[in-house]
Structures are given as structure tokens and as C-alpha cells.
Amino acid sequence: MADGDFDPAHLSDNQKEALGTYTALTNQEPSAAISLLERSQWNVQIAIAKFFDGETPDPVEEARASMASSPAPPTTLSRQETLMNGFSHSPRPSNRPRHDAAPRIVPQPEHQNMYRTPFILALVLTPFNLIYRLLSNSLGLFAYLFSFLPRILSGRAGSRAQPRRQRDTTGRRPLNARDTAARFIREFEEEYGQHELDFFSNGYAQAYDLAKQDLKFLLVVLLSPEHDDTSTFVRSTLLSPEVVNYINDPQNKIILWAGSVQDSEAYQISNALNCSKFPFAAVVAHTPEDSSTSMSTIARISGLVPPSAFVARLRAAIAHHSTSLERARASRNEQQATRNLREEQNSAYERSLAQDRERARQRREEEEARSRTEREKKAKADAAERAARDLEQWRQWRAQTIPAEPSASGEGITRVSIRMTSGERVVRKFRAESDMEELYAFVECYGTLS
């Protein structure tokens, strides 16, 4: 698959899973990610290590290139021809110059190094370990009973163990990367006074990552306090106005990191950058012509050099690689702009989708409220109709049970004058022993009776 062609349909499920894991960790474009994964045989761990630590030359490819570039032996073998491919041609070696890879160094202090005894050796040493614990417990009880002996024994043991505990012959305490950089800057200012150099106040790995992320040049300066030319180099070259102005110029995009080889981190960096003479300076930058993730050493300056020569070497290296970095920076800016545009489009789509969902929810709520109101009205109408029907049935039933109006000539007769709701005045005679419910029933059933 070509580097510029990205078709997920041609990838298998394992390759798609590897691509998703790699892009989630590195935030790299899929086209460049596929190219790096193919060079790593689709091994995600190897591809991630190449992305962060820089891609080193492949020894197999170099061997193939050397074999292809070597002169063919004088044999009488003719070119092989196949029905599918025609005459076979030997691959041409790449003429593109490759730079020395600059690895990412993350030092580990000596006191953090852990050694784990092999399982078989641990089994063999188990009886001795038990004997040692028994003796230690016995000596602990003995020291508790005789309190003056532990002070003597601990004093002697401490005097013997003191030279062994201090493994660093320089007497420098191992610190983490940030504290080591702060200690170097403080010692540098104490030794050479105030200056205008902007040293990177963190470890080499952090400066390496920043230069790789921002596509800047990382200037690494390694000093050896025991070297005779260190003081002269710092005072006459590194702190000269010409060098300081060039390093501090924002247009040059230089990150300055310096360290003393008495520290573990700077010593490991000197070995990784193939430092052969002090004082030493190297320029590390991203080399897109090697690979999309490689960081290489593009210039080395060893020994005592005058300021003009130091600046000339820096200017030549930076000028030679500025064009490729500008192209990579423009490509990265274009990718970032495309990514930002895609994120804005996705955000606008999500907002529009949220608004549509809100409007749909409001419409559902309005429809539910409308249907609920209609159901309530219908229920009330049904209840009123049912009540009217029941009342009418009750009136018909009750009208049949109301006794007839007694005659006026009888005894115990009471005449009652009633004004109906319609305004009509009705006079009716009731027996004296009739109760009030009969009067109310007559009023309620008057329409039915009439």
C-alpha cells in the first residue's frame, strides 16, 4: 500500500485494531501511521517506540542496499525472465543520505535499579535465607538483652558500609531530571556569573519531546568540569555575545539544553550522541527525509572552537534543515487545520443534533400534554353525561315513589309554596307527617312529574 493511499477496506481486522491503538496514542494521521506500522511489521509497540524515540536505520535494509550496490561477481548467469514480471531487476539503493539517529534518553537513578533473583537461584538460597533469619532474630534478642552491644556493632558496621554505600565517586547526589537541570543551572551561574542564555529547565527527554513536537532545533551542550578547556569554552565561546544572540534569536527556533557529564543523564547522553571530546555540542532535529518520526543529530561540535566558527557551524546545520522542517511544519499546520475544521464540523453537527433532539422532545411533551388535556376533557364529559343519565334514572324512579297530592278536605294537610329555579311558583299540599326528603324529591322530580 502506498503511503499516500489510505483505504481502510484493504486492512484486516488485526491491522485496523493496531492502527486504532497507534493513532489513539500518537495522534498521527492514518496515512503516515500506516507507513510506520508497515515498516514495523504491524507491531504496535515497535511503532510507538519508533515514533517517540526516533526511527533507527534497519540493518536488514542496509544489508540489502549494500548487497545491491556492490559490484556483481563475474559470472555467466543471464537475467531471469518470468512470464508475469519479465526480466528481473535488482533493487536500486536509495541515494538519500541518512543521519545519525538521536535516541530519547530517560535516565534511571542508580538507587532505583531493582534486581530480582532468578527463581531457581532463590530456591537454592532458601535454606540459607532461613538460617540467616534465625540468626538475625537470635542476634536481635541478644542485642535487646545487652543494649550496649548494638551501639558498638552498628558503629563498626556503619564505618565499614559507609565507603560502599557511596557509589558515586564525584559525590553528587542522584536527582530526577528537573532537579538535575536546576542544579546544573545554579552551579553554572555560581561558576560563570549571570548570563543571558535560556537553558531548558527540565530533562533531556522533555526537551527532546518539545523539539519534536514544535519542530525546533535542540542544541545539546555537554560540559566536563574536569576538562581543561571547559572554562575557556564557556567564557570565550558559549557566553560570547555572538553565540548568545544567535541562540536567543526566536527566528532560529533553538532549544538550549546543557548538562554536566558528572550527572548520570548527561553521561548517558554523551554516549548516545557518540561524544569523543569535551566540550561537546550537538544539534538534534527532526529529519522528515529519513522518516516521519525520526530525530537525528545533524551537527556535532567538539573541542574548543572560536565563537565565529561555533555560530557558523550552527547556522550551516540549521539552514540546511530549515527547508525540510518548514515543509513538515506547513504539513502539520495543514493537518491541524483540517483536524480543527473537522472538529468544528463535528461540534456544529453535535449542536445541531442536540437542538433537533430538544425540539423533538418539546414536540413530544406538547403532544403528550395536548393528548392528556383531551383525555381529561373527555373523561369529564363522560362523567358528566354518566351523572346526568344516572340522575335522570333516579328521577324517574323517585317520581314513581312520591305519593299523590292529598285532597284539601282531609286532616293534617299542609300547603307549601315553592319557587322553582325556572322562576315558576308551585303550590302543593303535603301531609303533615311527610318528611323533608319528600319535599326535596318533589322539587327534584317536578319536571318528570309534570
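This note sets out numbered points on a predicted model of a single structure.

1. Basis of the model. Residue numbers start from 1 along each chain as its sequence is written, and side-chain values rest on heavy atoms, with hydrogens and water left out. Because the model is predicted, local features need pLDDT of at least 70 and side-chain atom pairs count only at pLDDT 80 or more, whereas totals for chains, interfaces and linings use all residues.

2. Overall make-up. The chain contains 14 helices and 9 strands; helices (H or I, at least four residues) and strands (E, at least two) are DSSP runs numbered from the N terminus. Of the 450 residues in the chain, 28% are buried. Here buried means under 20% relative accessible area, exposed means over 50%, and partly exposed lies in between (1.4 Å probe, protein chains only). The accessible surface of the chain is about 30,700 Å², and carbon and sulfur atoms account for 53% of it; areas come from the Shrake-Rupley method with a 1.4 Å probe, and for residues only the protein chains shown count as cover. Among contacts (heavy atoms within 4.5 Å) between residues at least 6 apart in sequence, 64% join residues at least 24 apart.

3. The largest nonpolar core. A nonpolar core is a set of buried Ala, Val, Leu, Ile, Met, Phe, Trp, Tyr and Cys residues joined through side-chain atoms within 4.5 Å. The largest such core has 35 residues, and those with the most contacts inside it are Phe188, Phe199, Leu219, Val221 and Phe310. Elements giving two or more residues to this core include α7 (177-192), β4 (217-223), β7 (295-302) and α12. Helix α12 supplies the largest share of this core, 7 residues.

4. Phe188 and the second core. With neighbours within four places in sequence left aside, Phe188 is in contact with Gly193, His195, Phe199, Leu223, Val234, Leu238 and Leu239. A second, separate core has 21 residues, among them Leu218, Leu222, Trp257 and Cys275.

5. Ser324 in helix α12. Ser324 belongs to helix α12, which covers residues 307-401. Its relative accessible area is 8%, so Ser324 counts as buried. The Ser324 side chain reaches the backbone oxygen of His321 at 3.0 Å. This is a polar contact, that is, a pair of N or O atoms within 3.5 Å; within protein, one must be able to donate a hydrogen and the other to accept it, and residues adjacent in sequence count only if both atoms are side-chain atoms. Beyond neighbours within four places in sequence, Ser324 is in contact with Pro288 and Glu289.

6. In one of them, Asp100 pairs with Arg300, with the closest N and O atoms 3.1 Å apart. Asp100 lies in strand β3 (residues 100-101) and Arg300 in strand β7, so this pair ties together parts 200 residues apart in sequence. Asp100 is partly exposed at 40% relative accessible area, and Arg300 is partly exposed at 24%.

7. Glu365 and Arg361 meet in a salt bridge at 2.4 Å, N to O. Both residues lie in helix α12, 4 residues apart, about one turn of the helix. An α-helix has 3.6 residues a turn, so residues three or four places apart point the same way. Glu365 is partly exposed at 40% relative accessible area, as is Arg361 at 31%. Glu358, Arg361 and Glu365 are linked in a network of salt bridges.

8. Glu444 forms a salt bridge with Arg395, the closest N and O atoms being 2.7 Å apart. Glu444 lies in helix α13 (residues 436-444) and Arg395 in helix α12, so that distant parts of the chain, 49 residues apart, are linked. Glu444 counts as partly exposed at 31% relative accessibility, and Arg395 is partly exposed at 24%.

9. Phe119, Ile120, Leu121, Leu123, Val124, Leu125 and Phe128 make a nonpolar surface patch of about 760 Å². Patches consist of residues with over 30% relative accessible area and no salt bridge; like charges are joined within 9 Å, and nonpolar side chains (Val, Leu, Ile, Met, Phe, Trp, Tyr) within 5 Å. Phe119 lies in helix α5 (residues 119-145) and is exposed, at 63% relative accessible area. In helix α2 (residues 30-39), the buried residues are Ala33, Ile34, Ser35, Leu36 and Leu37. Gln41, which follows α2, has a positive phi near 60 degrees.

Methods
Salt bridge = Lys/Arg side-chain N within 4 Å of Asp/Glu carboxyl O.
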